[in-house]
Each structure stands twice: as C-alpha cells, then as structure tokens.
Amino acid sequence: MDNRFVSIFFRHLTTDWFTLRQPELKNRPFVLRAPSHGRMVIVATNFHAERKGITVGMALADARALLPELEAWDDTPNLAITLLKHIGEWCIRFTPIVSINPPDGLLLDATGCAHLWGGDLLYLTDIIQKLISRGYTVKGAMADTAGAAWGVARFSKNQIQIIPSEKHVEALMSLPPESLRLEPNVIERLNKLGLHQVKHFIHLPRASLRRRFGTHFIQQLNKATGEEMEMLEPIQLIEPYQERLPCMEPIVTATGIQIALNQLLEMLCLRLRDEQKGMRAATLKGYRVDGKIEQVAIVTSRPSHDVKHLFKLFEIKLQTIEPALGIELFVLE
C-alpha cells in the first residue's frame, strides 16, 4: 500500500481562536502582541490586518503607524500548541495517526484511509470543510510524503491540493526553498545564490549540497522526495487491537449505533480468533459531529471472541450514548 500524508496549514490559528470567542473581531484588523527586547512585537495577525500589510515580527508601534485603527491583544503563551493538540485529537476521526506540527499545522498519516470517504479528494475536502465550519482558516494538501504535503499546503495557491501518487517530486519543483522546512539562514543563502525554487538545486550532487548547506538540508530534501522515511509522532498512542468505522452520514439512532457496534465486533473478533486470542476489556467510542466523544466500556470474566456474547455486554450500556447531531466515526479498541 502506497503511503499518503496530509498536511493541514492554519494560516491564522491563534487569531481565529480569539475571533471564535469574540465574534465582534471578525471584520476588524487585529493582532496578538508579545514583549521582545524591550518593545511590543506582533506574533500573530488576522486576515484583515495581513491584507493591510501588517506582518508577524513587525513592531507594534510601526504597525499602528501604518494602520491607526489596528487592535492588539496580549498573546497567550503556548496557545498554538494547546490548540493544535485539541484540533489534532478531533482529527483522529479521520486517521489514527495525527501529529502536531507547530506552530501552525498538523500532519496526518492518511495511508489506507481515503477510500472510506470515496477517494483522496473527498477525504481531504471533508477534513478542510469541517475545520472551516469550526471557524478556522485552513489549507490542506495530500502527497506521498509528509514533507511534500507540508510544502504544497503552504505554498500552493489552492485551498485543497491533491498530488497524485508518485508525482510529489514534480510538485516540489516550482516551490521556494522554504517549502522544505529549512533554517532561515540556509534559505537566505540559497536565495543569495539565485536558487529561488527547488528545481534550481534538487538535481545538484548531494555531496556538494551537503558541504555548502549541511546535513540537515539533505535530510529535509530527502524527506520531501521520499528518499528518507519521516516518522510521525502521534498525539495518541495507537491501540494494537482497534477497528474504525467512519459513517458517510452521521448516525443519530439507537439502531444505527447497534449496527455499527456489531460490524466492529465482527471485524475485531475475527482478528482475535485468527490469533487465538480473546477480549477481556473493550471500549466503544463515538466521535460526534460537534467534536465530543461518547464512550462505553465492558470487561469480561474470561477471554472471548464471541460476537453475540460481547454484543450483549455492550447492549445494556448503549442507551447511555447520546448521539446529539450525529456520530460520524465509531472506534472499538
């Protein structure tokens, strides 16, 4: 199975969060500020401030000289990390492997997941549209490597970009060096040498590139092209015995929940039976449309892979599950 990765880029992560809590800010230019070397510096902008030429790193006094009506709010320490972890946990409904990518992104290992949504485009579109509906400004890309997906998500003009399998190197060619996640000083040196796009240096001898720009440069280039494997660190450890059932339409009825549980038990018990093992404890989780998770758990007196027996243990607890607007993913582990 070919590896597929998704990169999600939150262009205004922290200011979007402020706007969600203070809707009156939605149509006004505002920034987040933090002290730096004795002066106030802008650490995040919203869309309206950015459109007026206000940028991250600019001194607040200079920004207000450019835009007198600019509003500024104190930055919250570690807010971006907290938000990424929270949104990342929500994204587990799309794949069990979600990794935070500070300060403004998530990386998802989508290998073997997209077909459950009907293909790569429908899968990524569903992710992006749901995040937009939650109030975030996002772009997303899917490619064979996490590095290529990261670069395309940030430097493509499209909000949603699917790079066909085995076309990720081609997709990198027109992107700037920043798309490879390089250090600022290396990017500056590349630009001074006139190497403004990946295609200007990707075919140069690796030994020469290593001497000029260092080992990290080669590692990042190799990760983007797929010559070096990039392992994602999931925000939640994956249970060795877990089955997932995404729902094309949110489930709101008790009958629907029972059908989902039965399907999951059949899948998991088949694995246990093949490995001559039995279940002693299990948890059924329902990921709701509103982001909340409903769950019920059982324990058995002895190992079992009997679907009917295990279903009956769960059945008496299913009535405690409140689907609200609907459950879009069931997980049994």
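Which residues in helix 1 meet which residues in helix 4? In this predicted model, where local features need pLDDT of at least 70, side-chain atom pairs count only at pLDDT 80 or more, and totals for chains, interfaces and linings use all residues, the answer is that L13, T14, W17 and F18 in helix 1 meet L79, A80, L83, L84 and I87 in helix 4, contact being heavy atoms within 4.5 Å. Residues are numbered from 1 along each chain as its sequence is written, and side-chain values use heavy atoms, with hydrogens and water left out.

**Helix packing and overall build**

Two packed helices are described by the angle between their axes and the distance between the axes. Helix 1 (residues 13–21) packs with helix 4 at an angle of about 80°, and their axes are 9 Å apart; the axes are lines fitted to C-alpha atoms, for helices over the stretch in contact, with angles running from 0 to 180 degrees between N-to-C directions. Helix 1 is therefore roughly perpendicular to helix 4, a label that covers angles of 65 to 115 degrees.

The chain has twelve helices and twelve strands, where helices (H or I, at least four residues) and strands (E, at least two) are DSSP runs numbered from the N terminus. Its C-alpha trace spans about 70 × 55 × 35 Å along the principal axes. Of the 333 residues in the chain, 48% are buried, meaning under 20% relative accessible area with a 1.4 Å probe and protein chains only. Among contacts between residues at least 6 apart in sequence, 60% join residues at least 24 apart.

**Strand pairing**

| Strands | Direction | Bridges |
|---|---|---|
| strand 2 (residues 30–36) and strand 4 (residues 71–74) | parallel | four bridges |
| strand 2 and strand 3 (residues 39–45) | antiparallel | six bridges |
| strand 10 (residues 279–288) and strand 11 | antiparallel | eight bridges |

V31 has A72 in strand 4 as its bridge partner, while R33 stands opposite I42 in strand 3. The hairpin of strand 2 and strand 3 has two residues between the strands, and H37 takes a positive phi near 55° there.

M279 stands opposite S304 in strand 11.

**Aromatic rings**

A search of the whole structure finds eight aromatic pairs, for which rings of Phe, Tyr and Trp (its six-membered ring) must have centres within 6.5 Å, planes under 30 degrees apart counting as stacked, over 60 as edge-to-face and the rest as tilted. One of these, F94 with Y123, is edge-to-face, at 6.3 Å centre to centre and 85° between the planes. This pair links distant parts of the chain, since F94 lies in the loop between helix 4 (79–90) and strand 5 (98–101) and Y123 in helix 5 (residues 120–133), 29 residues apart. Both F94 and Y123 are buried. The rings of F213 and F217 have centres 5.1 Å apart and planes at 40°, so that pair is tilted; F213 and F217 are also buried.

Ring pairs link W90, F94, W117 and Y123 into a cluster. R134 lies over the face of W90, at 4.7 Å from the ring centre, the criterion being NZ of Lys or CZ of Arg within 6 Å of the ring centre and within 35 degrees of the ring normal.

Key. Pairing = 2+ DSSP bridges. Buried < 20%, exposed > 50% of the residue type's maximum accessible area, 1.4 Å probe, protein only. Parallel < 35°, antiparallel > 145°, perpendicular 65-115°, else oblique.
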